[in-house]
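Let's walk through this model together, one question at a time. Have the sequence and the 3D view at hand.

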Amino acid sequence: MKVEDVRIHESWKNVLKDEFQKPYFMEIKNHLLQSKSEGKTVYPPGSKIFNAFDSTHFNEVKVVIVGQDPYHGPGEAMGLSFSVPRGKRIPPSLLNIYKEMKEDLGYDMPRHGDLSSWADQGVFLLNSILTVEHKLASSHKKIGWMIFTDAVISQLSNLRENLIFMLWGKFAQSKSDLIDQTKHHVLQAPHPSPLARGGYFGSKHFSKANDILTKTNQSQINWKIE
């Protein structure tokens, strides 16, 4: 597959060009094309599959929040982990993220679930799996996306310094082996899902991240969702 055929920001094309030419990436493309030809509904829409990459360019990444699977309901997935468009119900995990943010930083609870303002400031909202079939959670788990996103994390680890990786839950924490912790900062906590029975609360990752950014001479993230 030619690099120029992939609709992703140039900063990431340069870093990931080898991945786009590997057989597994062509298999991902073929799977998505076949799903379309069979009339299956896949989320997010094609223009939003690489939204995290287009919103947060490679050299602008400060914080990485690793999610697992896109939302699989109509109009929910927008290519940013944990985020939903304005007007959509705030999902339970994101609601708990907001509760923790309020407790940590004192901000009012946001009224929508669009995290684009975080992405615009350097928070890379990366799902490990970038597409999903309608109402079938984890349906694209085995089509190759995790090979790709593991390579993304590895390249961030290899080519950048002083990034902050927020790994929430066992799945995200399994990615810690890809990160050089002598040059990056890893913050771990239970998943914000209600199924984790509140273990996420009290992690204070938002204030901890800003403290790290200050100590490494980087500008802080304004976590407040207007």
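Q: How many residues of strand 2 (residues 63–67) are buried?
A: This is a predicted model, in which local features need pLDDT of at least 70 and side-chain atom pairs count only at pLDDT 80 or more, while totals for chains, interfaces and linings use all residues. Residues are numbered from 1 along each chain as its sequence is written, and side-chain values use heavy atoms, with hydrogens and water left out. Strands (E, at least two residues) and helices (H or I, at least four) are DSSP runs numbered from the N terminus, and buried means under 20% relative accessible area, exposed over 50% and partly exposed in between (1.4 Å probe, protein chains only). Strand 2 is largely enclosed by the rest of the structure, because the buried residues number 5 of the 5.

Q: Which residues of strand 2 point the other way from Val-63, Ile-65 and Gly-67?
A: In a regular strand, side chains alternate between the two faces of the sheet. Here Val-63, Ile-65 and Gly-67 point one way, and all the residues on both sides are buried. Pointing the other way are Val-64 and Val-66.

Q: Which residue of strand 5 (residues 164–168) is the bridge partner of Val-63?
A: Strands pair if DSSP finds at least two bridges between them. Strand 2 runs parallel to strand 3 (residues 123–127), with 5 bridges, and there Val-64 is partnered by Phe-124. Strand 2 also runs parallel to strand 5, with 3 bridges. In strand 5, the partner of Val-63 is Ile-164.

Q: What arc around the axis do the buried residues of helix 2 (residues 23–37) cover?
A: The buried residues of helix 2 are Tyr-24, Phe-25, Ile-28, Leu-32 and Ser-35. They lie on the same side of helix 2, because the arc, taken from the directions from the helix axis to the C-beta atoms, is only 110°.

Q: Which residues are exposed on the other side of helix 2?
A: The buried residues of helix 2 are covered by elements including helix 1 (10–20), strand 1 (42–43) and helix 6 (145–159), with contact meaning heavy atoms within 4.5 Å. On the other side, the exposed residues are Pro-23, Glu-27 and Ser-37.

Q: Which side chain makes a polar contact with the side chain of Glu-19?
A: Glu-19 lies in helix 1 and is buried, with a relative accessible area of 12%. Beyond its neighbours within four places in sequence, Glu-19 is in contact with Tyr-24, Phe-25, Phe-148 and Ala-151. A polar contact is a pair of N or O atoms within 3.5 Å; within protein, one must be able to donate a hydrogen and the other to accept it, and residues adjacent in sequence count only if both atoms are side-chain atoms. At 2.7 Å, the partner is Tyr-24.

Q: Which residue follows helix 4 (residues 92–105) with a positive phi?
A: The buried residues of helix 4 include Leu-94, Ile-97 and Met-101, and what covers the buried residues includes helix 5 (116–120), strand 5 and helix 8 (205–215). After helix 4, the residue with a positive phi, near 85°, is Gly-106.
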